[in-house]
Amino acid sequence: MPLPFLTADRDVEELAPATAAAVTPAGYDDAPARWQRPYRPGPWRVGVTALLLLLASYVLFASMIIAVAGALPVAGVCVAVAVLVIVAAVRLVRVGVWVGEGGLRHVRLLSAKTVPWADVTAVRTVRQSVRWLGLPRTVQGRMVVVERAGGAPLATLVTSHGADFLGRPQAFDMACDAVEGWAADFRRA
């Protein structure tokens, strides 16, 4: 299985089809009709996930040693902890914004919220204080805001200083354009 996000020596020409596919809405014939993330997970998110999976492998190895030593209930607890860490790591990779024919989906670590395209009145990028890597510290940055018809605005979707875009301003701009493009195309439909 090729992992294109791991190679740093890709040409811009190789990235152009992937960028065009990310901006194309799923309602068109050449795009699949499923939920898609309009951007790739960032290096911070991938790095934390890799560390969590490394921790899970150590816990599984420890549970094997404990089971061989004869303490099966303790080994079972270790396996359960490892499974929880693996589930958290997989869920962490899925966190973000997903778009599709059904609307805009904001996936968080423990919840997900879907807003149908009919309820979306505007998707725009604003400049204001944002949280740095989701921590309490705030810095000046940009964020994508979704305004809903007859309701409160959706929580902040993506920020320029989040785990996916910290240090990658071009990727943030492409993701903003993609989400705004999807919203514009599906609000017209």
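Student: In what order do the 3 strands of the open sheet lie?

Tutor: Strands are DSSP runs (E, at least two residues; helices are H or I, at least four), numbered from the N terminus, and two strands pair if DSSP finds at least two bridges between them. Here the order is β1-β2-β3, with antiparallel pairing. β1 (96–100) and β3 (112–115) are the edge strands, each pairing on one side only. The model is predicted: local features need pLDDT of at least 70, side-chain atom pairs count only at pLDDT 80 or more, and totals for chains, interfaces and linings use all residues. Residues are numbered from 1 along each chain as its sequence is written, and side-chain values use heavy atoms, with hydrogens and water left out.

Student: How many bridges join β1 to β2?

Tutor: The antiparallel pair β1 and β2 (residues 103–107) is joined by 5 bridges. Arg105 in β2 is the bridge partner of Trp98.

Student: Which residues touch the most other members of the largest nonpolar core?

Tutor: In soluble globular proteins, nonpolar side chains tend to be buried together. A nonpolar core is a set of buried Ala, Val, Leu, Ile, Met, Phe, Trp, Tyr and Cys residues joined through side-chain atoms within 4.5 Å, buried meaning under 20% relative accessible area (1.4 Å probe, protein chains only). In the largest core, of 22 residues, they are Val97, Leu104 and Trp117. β1, β4 (120–131), β5 (138–148) and α4 (169–188) each give two or more residues to this core, and α4 gives the most, with 8.

Note on methods. Buried < 20%, exposed > 50% of the residue type's maximum accessible area, 1.4 Å probe, protein only.
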